[in-house]
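Subject: Structure for your review

Dear colleague,

Please find the structure below, followed by a summary of what was found in it.

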Amino acid sequence: MTSPYAQDGFRVGFDWGPVGAEVVAGNIVAVVDVLSFTTAVTVAADLGIEVYPYRWRDETAVAYAKQYDAHLAVGRSEAGPGEVSLSPVTIRQAEGIQRLVLPSPNGSTICQQLSDSGATVLAVSLRNRLAAAEWVNAHLSAHPNLNVVAIAAGERWKDGSLRPAVEDLWGAGGFLAALDVDGFSPEAKAAAAAYKDADLPTHLYDCAGGRELTQYGFPEDVAIAAELDSSQSVPVLRDGRMTAST
């Protein structure tokens, strides 16, 4: 029996977090973590930097980065001058980096989780939602049997439970709203409607995630995330790394 949560029978779906990514399967999966993983990935892709998603920033991450001769991002609050972190500002200012291991508990974790699923995984943010939608439209048109799912990564409460983050709802909804295809699930329709009702970029600064980063001293990260439709990069996960699609 098909799970009632799988949004089976729809060509376009939407759900939240790692569990949603497992339950709602898609041939194409757009992972959305606006503050800040997928925004950081688009900034890296604009610069020709390959990003290796990873779950944890620990000794295994050190070994993983060494395996691929990649630079390992440090914690956002730990980054000193010239060091790279999950902060898109530090990536934009980076010099001499070609490969970057970028751990995060949300978007990066979901991307790595999906790496062996057989799905085509994209990094989508407000910066590249139109470019990603155009890329997906072309694939859906050429292959009528394909379906697409947007996964809003969300954040975490202190107890580890999922905190639905409205900025990820907007990012996913903005991507979905630009798709030229029928067959939206009710969940996907709701996400697209949320984007259309948002006052961006103002709401991005005023939402909980934007206020959190601003209070922690990273208002420029919010400003980069708010660069709506500024990037033409469509980072696709291939062989464990995200590179701009050609």
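**Pockets**

Helix H10 gives the lining of the largest pocket its largest share, four residues. The model is a predicted one, in which local features need pLDDT of at least 70 and side-chain atom pairs count only at pLDDT 80 or more, while totals for chains, interfaces and linings use all residues. Residues are numbered from 1 along each chain as its sequence is written, and side-chain values use heavy atoms, with hydrogens and water left out.

The largest pocket has a volume of about 800 Å³. Its lining has 28 residues, and the closest to the pocket centre are Arg76, Pro105, Glu155, Glu212 and Tyr216. A pocket here is an open set of points on a 1 Å grid over the protein atoms alone, where a 1.4 Å probe fits, with protein on both sides within 12 Å along at least five of seven lines; lining residues have an atom within 4 Å of a point. The volume is the space filled by probe spheres set on the points, which are joined across faces, edges and corners. Strand E8 (155-156) and helix H10 (208-215) each supply at least two lining residues; helices (H or I, at least four residues) and strands (E, at least two) are DSSP runs, numbered from the N terminus. By class, the lining has eleven nonpolar, six polar and eleven charged residues.

The second largest pocket has a volume of about 270 Å³. Of its 21 lining residues, Glu83, Ser87, Val89, Thr90 and Gln93 are the closest to its centre. Helix H4 (88-92) and helix H11 (219-225) each supply at least two residues of this lining, and the largest share, three residues, comes from H11. Eight nonpolar, eight polar and five charged residues make up the lining. In both counts, Asp, Glu, Lys and Arg are charged, Ala, Val, Leu, Ile, Met, Phe, Trp, Tyr, Cys and Pro are nonpolar, and the others, Gly among them, are polar.

**Asn128**

Asn128 sits in the loop between strand E6 (120-124) and helix H6 (129-142). Asn128 counts as buried because its relative accessibility is 0%, where buried means under 20% relative accessible area with a 1.4 Å probe, protein chains only. A polar atom of its side chain lies 2.7 Å from the backbone nitrogen of Ser125, and a polar atom of that side chain lies 3.0 Å from the backbone oxygen of Ser233.

**Cysteines**

The count of disulfides (pairs of cysteine sulfur atoms within 2.5 Å) is zero. Cys111 is buried at 0% relative accessibility, and Cys207 is buried with a relative accessible area of 7%.

Kind regards

Technical notes
Buried < 20%, exposed > 50% of the residue type's maximum accessible area, 1.4 Å probe, protein only. Polar contact = N/O pair within 3.5 Å; in protein donor to acceptor, adjacent residues only side chain to side chain.
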